[in-house]
Amino acid sequence: MEQTNKLKQYDLGYHIRSPKGLLNDPNGLVYYKGVYHVFYQWNQADTTHQSKSWGHITTKDFIHWKTYKPALEPVDWYDKDGCYSGSAVVFEGEIYLFYTGNVRSENGERKSYQCLAVSEDGIHFEKKGPILEHPIKGYTAHVRDPKVWQGKEGNWWMILGAQKENLTGDALIYQSANLVDWTLVGSMLEESISLGFMWECPDLLKFADRDIFVFSPQGLEAEGEKYNNIYQSGYFTGEFLENGTFVKDNQPFEELDRGFEFYAPQTFVDDAGRTILYGWVGVMEPEVEAAVPTRQQGWIHALTIPREIRYENGKLIQYPIAELANLRKENSTVIKSVGNEAVKMTSLQQDILIEWSKAATDFVLTVRNEVEINYQANSKKLTLIRTNWKTRGKEERSVFLKRDLMELRIMVESSLIELFLNRGEEVFTLRYFVDEDDFLLRFNYLKETAEKTLTLYSLDSFV
Ligand code: FRU
């Protein structure tokens, strides 16, 4: 019993997780007839990366959720080893899901089929089978994760994450007039870019003055504070031309999230024109995943909260979508102070806002005696430190801010934190597992500091 209670401590109230089994990538995000549909990679049977189906939940307000039967199950010859990641579009009143059918032959050889399923009601999905079969000359069988969108001229585009025969990552682009018959255009990149051995989960975001190519390259070497997770997710800014070419700006690959667990994000645009992103709070690293304590309860991993994405001054800004403020309980705690203090959170579901009256000076903020947020004003370096639950050693991730730190928003759950800096200029996502019942936030300033206002809201759970 005690053990059960302990494990319950790690449960999540306002992040999407699967009821059991393993959840990974967000899939098929789409706004359809007034309802937001979220699908996710789901192994229903256990907490390993086997046998993926598409879990399916919907909401009208990001607070009240309905759960449906999985939209796709890996039961056909073309997807028998997994209905892998993909995306959705609405066409003539129906939802079209595009996904990768993963097939392994007896000798372990991989085959990938890009497949289509269609729904007239947003609940039942009829599989139409493969629309693209590989191999493709010059590429390996690692070709997956279709993202589809409608071009300016009414035609349809699809990008796929791919691996070239020389074992470098790439993105392939296809076009179609009817969403069923697709023609390969070629690599989406104007010039090939050497960035890892495989690109997963490509996405293309469109803003008024810039297009953004988001993808998850595998195999980047760590470079200082960059690329310290096993796999990364990030983007290039540039321009997508209606001949299928992405002309990238002369800017480096920028990681989307500076934390420990963030991968395979996907975006969609809703009726209000907002670009909304969900990411997977996890990274495929079997040994680390094996040690996640919630496995003993039969589930593992979560999605991030939905983030509204904007493009400003050459970079993407990510902030919790406005609807999440409706989870705030009525009473908030507001503290104005200049010095050190310890504040007790009233629950483990918190939305915490810290605003400084002028640039923050050096501090260490500790959440629950475990997650340390360390800021050095001179270098504008913010470092996050936690205990690795497998090795028990401390580990850290950092970022150098472009501006002084003026604002922090910390979305706390019992075992997950999303930290937004300067209204979303930088984000850190991480899991953490603390045994003790420590609800404290401790501020420790190393120097005199500006006045800050700390507002703590307790959050309700999803209904
Ligand atoms: C990314 C990924 C995708 C694949 C899916 C399988 O996390 O490896 O490339 O479609 O997960 O679950």
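Predicted model: local features only at pLDDT ≥ 70, side-chain atom pairs only at ≥ 80, totals over all residues.
Select Lys336 to begin: this residue counts as exposed because it has 11 C-beta neighbours inside 10 Å. Residues are numbered from 1 along each chain as its sequence is written.

Lys336 belongs to strand S24, residues 328-337. (Contact requires C-beta atoms, placed from the backbone, to lie within 7 Å.) Lys336 and Thr453 are 117 residues apart along the chain, yet their C-alpha atoms are separated by 4.5 Å.

Next, colour the two domains. Domain 1 covers 15-320 and domain 2 covers 326-459; such bounds come from an automatic or database domain assignment. Their centres, taken over C-alpha atoms, are 30 Å apart. At the boundary, 23 residues of domain 1 are in contact with 23 residues of domain 2. On the domain 1 side, helix H2 (286-290) and strand S23 (315-320) are the elements that give two or more residues, and S23 gives the most, with four residues.

For residues 15-320, UniProt lists "domain: Glycosyl hydrolase family 32 N-terminal" in an unreviewed entry; such annotations may be inferred rather than shown by experiment. This span is 2% helix and 55% strand, and its end C-alpha atoms lie 12 Å apart.

Now select the open sheet of five strands, whose order is S4-S3-S2-S1-S20 with mixed pairing. (Two strands pair if DSSP finds at least two bridges between them.) Its edge strands, S4 (65-72) and S20 (299-300), each pair on one side only. S1 and S2 (residues 35-43) run antiparallel and are joined by seven bridges. Within this pair, Leu23 stands opposite Trp42 in S2.

Finally, turn to the ligand. Which residues come nearest? Of the 14 residues around the ligand, these are Gln41, Tyr84, Ser85, Glu200 and Ala264. (A residue is near a molecule if its C-beta atom, placed from the backbone, lies within 6 Å of it.) Strands S1 (21-32), S5 (83-91), S9 (139-150), S13 (198-206) and S18 (263-269) each supply at least two residues of the shell.

Definitions and conventions: Buried ≥ 20, exposed ≤ 12 C-beta atoms within 10 Å, placed from the backbone. Contact = placed C-beta atoms within 7 Å.
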